[in-house]
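Me: I have a two-chain model open and would like to talk it through with you. Shall we take it one question at a time?

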Amino acid sequence: MENYQHWAISAHDRYEQGTYVRRMSTSQQLLTSVQVARFVAQGFLRLDGVVPREINERAVVALTEGLPEVSYGTPLGKAFAPDTFVHELLALPVVAGAVESLVGPEPTVDHQAVHVREPHEGQAQPLHGDAIIDVRPDAFDIQLMYYPHEVTAEMGGTLSVPGSHLRRINETDVGRVQNLRGQTRLTCPAGTVVLVHHGIWHGGRRNDTADRRYMYKLRLNPTVPQVRLWDVSDLHDPAVTAELNTYFPWYEQATARLEIYNRVLLWRALTGDESFDVEYWVTRVSNRPTLRSHA
Amino acid sequence: MRQQVLVLYLATSALDSQVVGWSRYDGTGRTRPTTGDSDEPPYPTGLAALQDGWRLFQASQLLPPQSGHEYDVSFLKHEFFFEKVEDGSHP
């Protein structure tokens, strides 16, 4: 059950006046502003071991047998029957709240996929971004990655590159790159969910064990503007700026500053706060006084 | 003759700057490097690779950003290709 409250703009919103709609929820665990800022900076959100064992066990069986087809654009609420593991997975308050915080209520299903890394298959996937190059400045899809069983280092858990999601590349064009400082080679307990921005660089790593490794992926498209969809009560927490100012070890020295610049633009789009900045990166290069300003 | 290729991505355009990314391709067939197979770079800098006997054969050009795309981020910019060539009858 959801309701909405109108909150007065605080003094922190220096150039905006009026009210905005703050999303509230009584049944879901919405993300905080700090968590969403971390997602904007890193391109992913990890929820370790949040799925109960009974759902994990049913999921492994279902993933082995294959899943019913879901057509592109199906509303999420109509895509999965109540007795399916996907329905129960998405109904978990921690998962539902995170999804709603990022893509809003009633997203549509883009597609789902079962990813299998075969035992001793000898080769990893090349590093890539999914779908095709996607440079929307004020919207993004999320991909839910669900690991129903424990993933150990030897099982080739998904490789992902924190902070890569805003880099403009097309699919496997970046496949030449094998390793980057600070990359994440996922190991996780059973029942882990990772929500990633559509642009994140990632790939299935080589499985060096005798066991198959499963991952269920679900891509969701927003149907509403992705503006202040989370619990914004901590919007002006200094930790928000700290998250957005995170540098990653693989960034080139100069390009790292452009990463922060682009995060600021995305954060402005997600909050509606056109005055937000980090270290003055955007404000400085947007300053173009006119003659009229001296009148 | 077999070629081993090392690709280093550096923090700046200077060859002695820090390695931030790396790839290996082994024409000798003795190793099979692949995506996500190590968390530590083989050398701390490009210069360290030279000092260990790798020969630089290509460096990315310094290109000004395209007009209107000055703030875009994309591929890593500072890419250096090295090789070691060995004679012999390895498969």
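Predicted model: local features only at pLDDT ≥ 70, side-chain atom pairs only at ≥ 80, totals over all residues.

Me: Is Thr108(A) buried or exposed, and what is its relative accessible area?
Reply: Thr108(A) sits in strand β5 of chain A, which covers residues 108-117. The cut-off for buried is under 20% relative accessible area. Thr108(A) falls under it, so Thr108(A) counts as buried, with a relative accessible area of 15%.

Me: Staying in chain A, how many of the 11 residues of helix α5 are buried?
Reply: Helix α5(A) spans residues 93-103 and is mostly covered. The buried residues include Val95(A), Glu100(A) and Val103(A). After the helix comes Gly104(A), with a positive phi near 85°. For the helix itself, the buried count is nine.

Me: Now to chain B: what pattern does it follow along the sequence?
Reply: Chain B has one helix and four strands. Its C-alpha trace spans about 50 × 25 × 20 Å along the principal axes, and 37% of its 91 residues count as buried. Read along the sequence, the pattern is β-β-α-β-β.

Me: How much area do chain B and chain A bury between them?
Reply: The contact involves 33 residues of chain B and 36 residues of chain A. Of the buried area, 48% is on carbon and sulfur atoms. On the chain B side, Thr35(B), Tyr71(B) and Val73(B) lose the most, together 24% of what that side buries. The total for the two chains is about 3000 Å².

Me: How far apart are the closest N and O atoms in the salt bridge of Arg185(A) with Asp39(B)?
Reply: Across this interface the rule finds three salt bridges, and 29 residue pairs are in polar contact. The salt-bridge cut-off is 4 Å. For Arg185(A) and Asp39(B), the closest N and O atoms are 3.1 Å apart.

Me: Which element gives the largest share of the side of chain B that touches chain A?
Reply: The elements giving two or more residues to that side are β1(B), β2(B) and β4(B). By class, the side holds 15 nonpolar, 10 polar and eight charged residues. The largest share is seven residues, and it comes from β2(B).

Me: Which residue in β2(B) stands opposite Leu180(A)?
Reply: Here a strand of chain A joins a strand of chain B: β8(A), residues 179-180, runs antiparallel to β2(B). Two bridges hold this pairing together. Opposite Leu180(A) stands Gly21(B).

Key: Residues numbered from 1 in each chain as written. Chains lettered and ligands numbered in written order. Heavy atoms only, no water. Contact = heavy atoms within 4.5 Å. Buried area = accessible area lost by both parts, 1.4 Å probe. Salt bridge = Lys/Arg side-chain N within 4 Å of Asp/Glu carboxyl O. Polar contact = N/O pair within 3.5 Å; in protein donor to acceptor, adjacent residues only side chain to side chain. Nonpolar A, V, L, I, M, F, W, Y, C, P; charged D, E, K, R; others polar. Pairing = 2+ DSSP bridges. Buried < 20%, exposed > 50% of the residue type's maximum accessible area, 1.4 Å probe, protein only.
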